[in-house]
Amino acid sequence: MASFERFDDMCDLRLKPKILRNLLSEYVPNEKQPLVDFQSLSKVVSTISTHKLLSESPSSSADQKKIQAKPSKSAVDDWVERLLALVSSDMPDKCWVGVVLIGVTCRECCSDRFFGLYSVWFNSLLSHIKNPESSRIVLVASCTSISDLLTRLSRFTNTKKDAVSHASKVVLPIIKLLEEESSEALWESIVHLLSTIVILFPAAFHNSYDKVEAVIASKIFSAKTSSNMLKKFAHFLALLPKANKGDAGSWSLMMQKLLISINVHLNNFFQGLEDETVGKKAIQRLAPPGKDSPLPLGGQDGALDDASWNSEEFIVSRVSALMFCSSTMLTSPFKSKLNVPVASLLSLVERVLAVNGSLPRSMSPFMTGIQQELVCAELPTLHSSALELLRATIKCIRSQLLPYAASVVRVVSSYFKKCSLPELRIKLYSIIKTLLKSMGVGMAMQLANEVVSNASVDLEGFDAVSSRPPPLTSGAVLKGGSKKRKHASNSGAEAENSAVEVGVPHNHSLRIAALEALETLLTIGGALGSNGWRERVDKLLMTTATNACEGRWANAETYHHVPNKSSTDLVEFKLAALCAFLASLVSPSPLRPAFLAEGLELFQRGKCQAEMKVAEFCAHALMSLEVVIHPRALPLDGLPSLSSQFPQSDSLASQKHNTPGLNKLDRIAGDGSVLSNLWLANVDVPANSEIERTVDTTLALPEAKRLKVGNDLVGSENVQQADVPMKVPESTKESLVHVPERDDDMVPKEVVSETQEEEGLEGKDSLMEEAAVGKKQESLGESDDDSIPSLKADDYLSSDSDIES
């Protein structure tokens, strides 16, 4: 009847044990069944991870829990029993399957099952590591599964001591394997396990720290170690100070050993290329005052065998690995405050970058041409490692680099002048970006000219038209069977005979790095560019972005015809050019952007492109340019309220309550009348002496003058006299509600008629206001009767705080 059972859906809990049993019967072998296919193991692992077959999570319903608990647990029990049987098998293939699936079970099983069985699983895996007869595939799988087990065990807070005890049992056996075995696959799994222990349980190395350091150093200095494993050993060595004491002293001691080993290797590599005193001074600088310098890394004194020292490639690869280890130590987090030897690091970088392969006159007789050739072949790799070390140093100390900023600027500027390889120039641009972000405007002032000049060379040095296909005119097509020569000028012959390669994509990595450096410079120090370089950079970025988007530098269709090449680098170059151009438009500047119109047009076209990344960025750029297109202006609804600013009885706000015309205007504006809204919006704040005229005879002012008056009220102390009428007609001394005939066409008729109808009701108030105005005019008797004094801000604005409100 079980075969006819139906399930609700793919999430039905009753489905889990059945799928797990099917995997056991079809893909996982038993003691009698041979292993059919190794590749089927990947299906088992993916199915377990997808359906969470080992989770044993209870369902929400009590009835389902009763039904499902027993089958699910029984299926997982069968799974665990099968794996333990496979782990103890004498057949390497079956044992390997069991060990691999034990690691998967450690990751996927529930907490209760893991907590009850992790000791059994650990001892089973450790027995294979200690067994000298274990095959390599079993050893590799055992190291990986133990790493998974310890990672899961670190999440339990109540098993710290037991976890450290288990981890310490693994260290010495795998170090012994590392010394005896020569398989790089086994080395890689051992280094992975050691890194896991050093991160999760550093106390497990307390009794074996020196032994581990010596073995790792011997592998780094071994001629049998590949470049891939060199980086892995160097990365683990950078984590090892956490396992000693975890304090700043352990970190400083390891850094000191690394720098001494690097300089010892460089003394042999730079023989004949630099003065001998340079290396001696570098090592003496690393020794603490009054103390002897410590032994180099791993207790070695640097005196390797002659065969190793005679290989320039070997020396450079080891020095690069040690520099990578130093860079990793500088950029990795550490719980203690570090004392970084900045002076020693900068002197090492400067020493390496100063050697360019040229022979000093005094050293010419001591080096042959072949030796110089071998050294020059390895120098770019060494320079690249030194630049990475410089960048890591800057990232480590950031703004604390200030005492050494002059030295860094000198090193970068001098190396830019003699560096021509694209890969090294890319690293220089990366260093400049890190410097600008770390040091800010001060560093931008020092490096601005250097960045602009070099970026201009890298961006303008490429012929933008050379990658476009030449037009196939009749004069450009040469017939294969024709032996006649065209008699033309020398320039025409050279143009026809020159080889033009069409459709070959260019490497834009260097130009992308230059654009990113310019973008960072404009973002941080754009306001400093008024001294000459800003206009040049803006024009350069506009031209670059235009050429990139118009396809003048490369055609995306040509990339599809090149094997193993896509248009990704071209798209990235377009994005970098557009991003730098946007930075030039929004960067602070005393003047408005000179190429704003070109930028808007370019981004509008780019928003419609088929390339989604470019289109999305162009849409984002248009939103960012809204601030530049519409600069900040004082909004009309943001002006202070008149009622709060003019509390006096003779103010416009108080007159408004007693004036039927203005009350009517408020009602009309509330009703949405366009004409009255425009008329009301054009009302200017008058002087006290012209209130009578302003109530009913306000003339419509232009929009620009209204904005000017509003800005002057907030941004200046006095309103310009030109904004106030200069003459007051005699008719304004009459009743406040009287409308002159010459203004009938300026005032809406319904407002005038209603004002006249309510004249009798408001007569008393009008007389009182007339008297108040008369007193005001008498107080101004000394001035000309036909002139009106300038409007003062103090007459209307009580304080600056009111304006801001």
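A search of the whole structure turns up zero disulfides, a disulfide being a pair of cysteine sulfur atoms within 2.5 Å. Cys 106 is in no such bond, and the nearest cysteine sulfur, that of Cys 109, is 6.4 Å away. Cys 106 is also buried, with a relative accessible area of 0%; here buried means under 20% relative accessible area, exposed means over 50%, and partly exposed is in between (1.4 Å probe, protein chains only).

A word on the model itself. It is a predicted one, where local features need pLDDT of at least 70 and side-chain atom pairs count only at pLDDT 80 or more, while totals for chains, interfaces and linings use all residues. Residues are numbered from 1 along each chain as its sequence is written, and side-chain values use heavy atoms, with hydrogens and water left out.

Next come the charged side chains. Side chains of opposite charge can pair when their charged atoms come close. The search finds 17 salt bridges in the whole structure, each one a side-chain nitrogen of Lys or Arg within 4 Å of a carboxyl oxygen of Asp or Glu. In one of them, Arg 21 meets Asp 78 at 3.0 Å, N to O. Arg 21 sits in helix α1 (residues 15-26) and Asp 78 in helix α3, so this pair ties together parts that are 57 residues apart in sequence. Helices, by the way, are DSSP runs (H or I, at least four residues), numbered from the N terminus. Both partners are partly exposed: Arg 21 has a relative accessible area of 36%, and Asp 78 has one of 29%.

Another bridge joins Arg 410 and Glu 350, at 3.3 Å from N to O. Since Arg 410 belongs to helix α18 and Glu 350 to helix α16 (residues 342-354), the pair ties together parts that are 60 residues apart in sequence. Arg 410 is partly exposed at 42% relative accessibility, and so is Glu 350 at 34%. Glu 388 bridges to Lys 427, with the closest N and O atoms 2.6 Å apart. That pair links distant parts of the chain, with Glu 388 in helix α17 and Lys 427 in helix α19, 39 residues apart. Glu 388 is partly exposed as well, with a relative accessible area of 32%. Finally, Glu 550, Glu 601 and Arg 605 are linked in a network of salt bridges.

Then there are the rings. A pair of aromatic rings is described by the distance of the centres and the angle of the planes. The structure holds ten aromatic pairs, counted when the ring centres of Phe, Tyr and Trp (its six-membered ring) lie within 6.5 Å; planes under 30 degrees apart count as stacked, over 60 as edge-to-face and the rest as tilted. Phe 115 and Tyr 118 make a tilted pair, 6.2 Å centre to centre with 50 degrees between the planes. These two are three residues apart in helix α5 (residues 111-130), which means about one helical turn separates Phe 115 from Tyr 118. Phe 115 is partly exposed, at 39% relative accessibility, whereas Tyr 118 is buried, at 6%. Both belong to one aromatic cluster, together with Phe 114, Trp 121 and Phe 156.

Elsewhere, Lys 231 lies over the face of Phe 324, at 5.6 Å from the ring centre.

Now for the backbone. Most residues other than glycine have a negative phi. Lys 52, though not a glycine, has a positive phi of about 55 degrees. Lys 52 is in the loop between α2 (40-51) and α3 (62-87), and is partly exposed, with a relative accessible area of 41%. Arg 398 has a positive phi as well, of about 50 degrees. Its place is the loop between α17 (369-397) and α18 (405-418), where Arg 398 is partly exposed at 48% relative accessible area.

Notes
Lys NZ or Arg CZ within 6 Å of the ring centre and 35° of its normal.
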